[in-house]
Amino acid sequence: MELRRVIGRRRSIRFLLPYKPVEPEKIQRMLEAARIASHWGNVQSLRAVAVFRDSAPKEVLDALMAPIAGFQIRIAPVVIVWYVETAAVDEQADRLRELLKAGALGFGEGKEEALETQIIPIFEGIREQFKQPGLNEVDCGQGIAQATLMAFEQGLGTCCLGTPHGETIRQNLGLPETARVLLLQTVGYPAESPEAGGQRPRQPFERLFHMNGYGKSFPRSKEVVDELTADGMLQDPAPTPWREAELEYLKNALGVKGHGLL
């Protein structure tokens, strides 16, 4: 039940309290949650740099600015720069050996030999392909999602933002050339209501999910929908009647200029 409520409320919080710092231990808990997330081959290519606005160098803060919704980065007490370390793939053989030793891979006699003579050579043959965008990003997303859930559990709000300045950020943070910036995640205490405008618009369930083949919509049980609504995972659709008034207040209180899109 608790997890359902967390998932239902984990949507983006764009307005954060700029004057209230986030405790480092809360960011650590987010990173701990990301660290234990599932990842193919156990290579753990997800890495992060947590940038604290009150202590980071100006050039680092300047490099984080995004062309869309940049005000979120300006007011966020913490911005987590999530990135893929592609060099982690070079250690996949050692990670597979660790899995086997831990009892999480293979079974029976001969598994050690099979790993060394069959599985590892297969992985080695496609190593460079694994460094390209694809599976790494999928599994890194699982880690970021777990970090986001941990943030909510601690009373924090977050929002994930893309950036066209990945290379500049990589250089200014001193990341290795093998790193690929994924996204920026603002973190802080919410300035807006938990409802944040109600349930964000979503496409119809039947259009997104299928059963036993494309075009055969997965049947949506009303009983399940009612159950999840009662648990707080599904909310009334946006906007709430008072949302525009709240946005106007936040705009003035936080000094956001213009329309808030840039």
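Biologist: What are the ground rules here?

Modeller: This is a predicted model, in which local features need pLDDT of at least 70 and side-chain atom pairs count only at pLDDT 80 or more, while totals for chains, interfaces and linings use all residues. Residues are numbered from 1 along each chain as its sequence is written, and side-chain values use heavy atoms, with hydrogens and water left out.

Biologist: Why is C159 called buried?

Modeller: Buried means under 20% relative accessible area, exposed over 50%, and partly exposed in between (1.4 Å probe, protein chains only). C159 has 1% relative accessibility, so C159 counts as buried. C160, with a relative accessible area of 38%, is partly exposed.

Biologist: How do you know that C159 is in no disulfide?

Modeller: A disulfide is a pair of cysteine sulfur atoms within 2.5 Å. The nearest cysteine sulfur to that of C159 belongs to C160, and it is 6.7 Å away, so C159 is in no disulfide. A search of the whole structure finds zero disulfides.

Biologist: What makes E192 and R243 a salt bridge?

Modeller: The term needs a side-chain nitrogen of Lys or Arg within 4 Å of a carboxyl oxygen of Asp or Glu. The closest N and O atoms of E192 and R243 are 2.8 Å apart, so the pair qualifies. E192 lies in the loop between β4 (179-188) and α10 (205-208), and R243 in helix α12 (residues 243-254), 51 residues apart. Helices (H or I, at least four residues) and strands (E, at least two) are DSSP runs, numbered from the N terminus. E192 is buried at 5% relative accessibility, and R243 is buried at 11%.

Biologist: Which other salt bridge does R243 form?

Modeller: R243 also meets E246, at 2.5 Å from N to O. These two are three residues apart in helix α12, so about one helical turn separates them.

Biologist: What makes I119 in α6 a kink?

Modeller: The bend at a residue is the angle between axes fitted to the seven residues ending there and the seven starting there. At I119 that angle is about 30 degrees, shortly before the proline P121.
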